[in-house]
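Dear colleague,

I am handing over the structure that we spoke about, and below it you will find my notes on what was found. Please read them with the model open beside you.

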There are 2 protein chains.
Amino acid sequence: MTVRNLISKGSDRLTHSERKLVAALLSDYPFAGLLSIRELAEVANVSPPSVSRFTSKIGLSSYNEMQRRLLEELREGERSPVELHDFGERIEGGYLQGFLGRAAEKIQFAGDAITEGQFHRVVTLFTDPKREIFALGGRISDTIALHLTFHLKQARSGVLHLPRDPEAWPEYLLRMNPGDVIFLVDFRRYESNIARLAEISASRRVQVVLLTDKWMSPAKRHATEILAVPIETGTIWDSYVAALATVEAIVSCVAEDTWRKTRNRITEWDAVRNLASEKRK
Amino acid sequence: MTVRNLISKGSDRLTHSERKLVAALLSDYPFAGLLSIRELAEVANVSPPSVSRFTSKIGLSSYNEMQRRLLEELREGERSPVELHDFGERIEGGYLQGFLGRAAEKIQFAGDAITEGQFHRVVTLFTDPKREIFALGGRISDTIALHLTFHLKQARSGVLHLPRDPEAWPEYLLRMNPGDVIFLVDFRRYESNIARLAEISASRRVQVVLLTDKWMSPAKRHATEILAVPIETGTIWDSYVAALATVEAIVSCVAEDTWRKTRNRITEWDAVRNLASEKRK
DNA sequence: TGACAAGTGAAAAAAAATTTCCAAAAATTG
DNA sequence: CAATTTTTGGAAATTTTTTTTCACTTGTCA
């Protein structure tokens, strides 16, 4: 039984500071456990005695024994790091493991549903400084769109997130010029608003990039590029991890393409942000 | 300079027993050096003082320093094969494929850093209808927190998302009762606001559930549960897919646990929503 | 062969780490 | 809200580890 297993096995019935230890140990496994008690205690923000009690509680005779075991695991794991991970609790078939496994799968499938060509065309659109970028998502998927704008705003100027309320759109619509880009996210339980926005945008010769699922939002009729990612998980709700991963891929590719500019912008950004927070004091 | 290099560099001018040590150290590098002095001395068939003298001779301040360095090397070594592997893949399979692959991996690792026990305790907290749920995230990570509140609001009542502006917090803080739960998301480039909010909440006996990365937000000091997920990707920006996946897992587990109630709520919700949109027309 | 230098380990000393004990603080319960 | 239980960290005690001291051995060279 690995130390990791011992930890997760005993992880009910743990006290507040013992949980802090678990977090510290697992988040830098196995190295956190190879520090001295004093050091580990410091990292986890607990007292050395708590560490000592913890090791006894999960069934180890001493802290030293835990270290011996961790080293042994490390030595074994040298053979294959992958094996070490597979060892975990996956066997127990826990809910979390299952969910995450399926989520990871979804992400892989996203790569099949979007071609590299499509991907790079989209990236090129976002990289072009002459085009302004607008973005909006549906009720829930707007968080995905927000993620895009947050990051894109750091990489370049001319990025605008539309408010959810259609009443406020005209202002933005008037600002759109031919060649600009609007990024829309719309997953099932599609919203007619989004489709309408796509239509209006398209009529103004704005390029519509649509992130949707395989059943495809009605906005597809007006889209220049359609990125269809898998979202169904077999649980009550759909998973947006694949969508988020795709957006992150786009954003980070844009950022790399415009690296120098990006760096300057981020530096500036931070400077301004610091100024603002200084002022508050 | 690695310990191995130090050893071979100084390997002229070594005495008989020091050579025995070199042999022992190199034949089981780096693990032999992680034993205690006494054990290593035994393995190499020399006395402990010889080990001590040896480490000084090759230019280390103490035996302890050698161990620290060896662990550091081990940690680096663990990392690099994975990275190399990923980088190779990426060039072959295109940017998107590479990015998604790494994202999927991150999600798997998230399962190692969070135990099923921890996961279910958090779910239980969120399921308890007597507790109100508050949530907030950092500048960018707030999208993750939003995702939680959006979904949780459908599953139960008493879910509130705090505004980003601290000026508006008091109203919410006053509403908090002992036993309530606050869900905070804070990734590196941590925000002092979040830590402060955690502190205040904890002082009001509100349970603090913290979603953070392995470097751990300063808010950890006040957290009841710490969910540490991997976020570093080797690109300019961190990836929040693992965080999103974790939140989705929580939300969908909560929903399943309270399935019946949830179904009613969703039905009601949709009814109200339809009514509202009917009206608009 | 004997004097000396270099190397070595036993034992002692010093330092560090770990565990135990206990009282204060926090949480829980009736 | 008081009483009880649990949890926690400081301090002391204990154990372990590491380093230093020192005397003894070994080998070398005059």
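By class, the surface near DNA strand D has 4 nonpolar, 8 polar and 2 charged residues, where a residue is near a strand if one of its heavy atoms lies within 4 Å of it, and where Ala, Val, Leu, Ile, Met, Phe, Trp, Tyr, Cys and Pro count as nonpolar, Asp, Glu, Lys and Arg as charged, and the others, Gly among them, as polar. Please keep in mind that this is a predicted model, in which local features need pLDDT of at least 70 and side-chain atom pairs count only at pLDDT 80 or more, while totals for chains, interfaces and linings use all residues. Residues are numbered from 1 along each chain as its sequence is written, chains are lettered from A and ligands numbered from 1 in the order in which they are written, and side-chain values use heavy atoms, with hydrogens and water left out.

To stay with DNA strand D, 14 residues surround it, and the closest are Thr15(A), Ser17(A), Ser50(A), Ile37(B) and Ser52(B). Of the atoms of DNA strand D that come within 4 Å of the protein, sugar and phosphate account for 70%.

DNA strand C has 16 residues around it, of which Ile37(A), Ser52(A), Ser62(A), Thr15(B) and Ser17(B) come nearest. For DNA strand C, sugar and phosphate make up 75% of the atoms that come within 4 Å of the protein. A polar backbone atom of Ile37(A) is 2.6 Å from a phosphate oxygen of DNA strand C, a backbone N or O atom of Tyr63(A) is 3.1 Å from a phosphate oxygen, and a side-chain N or O atom of Arg205(B) is 3.2 Å from a phosphate oxygen. Helix 4 of chain B gives the largest share of the surface near DNA strand C, 3 residues, and by class this surface has 5 nonpolar, 8 polar and 3 charged residues.

With kind regards

Notes. Polar contact = N/O pair within 3.5 Å; in protein donor to acceptor, adjacent residues only side chain to side chain. Helix = DSSP H or I, 4+ residues; strand = E, 2+ residues; numbered from the N terminus.
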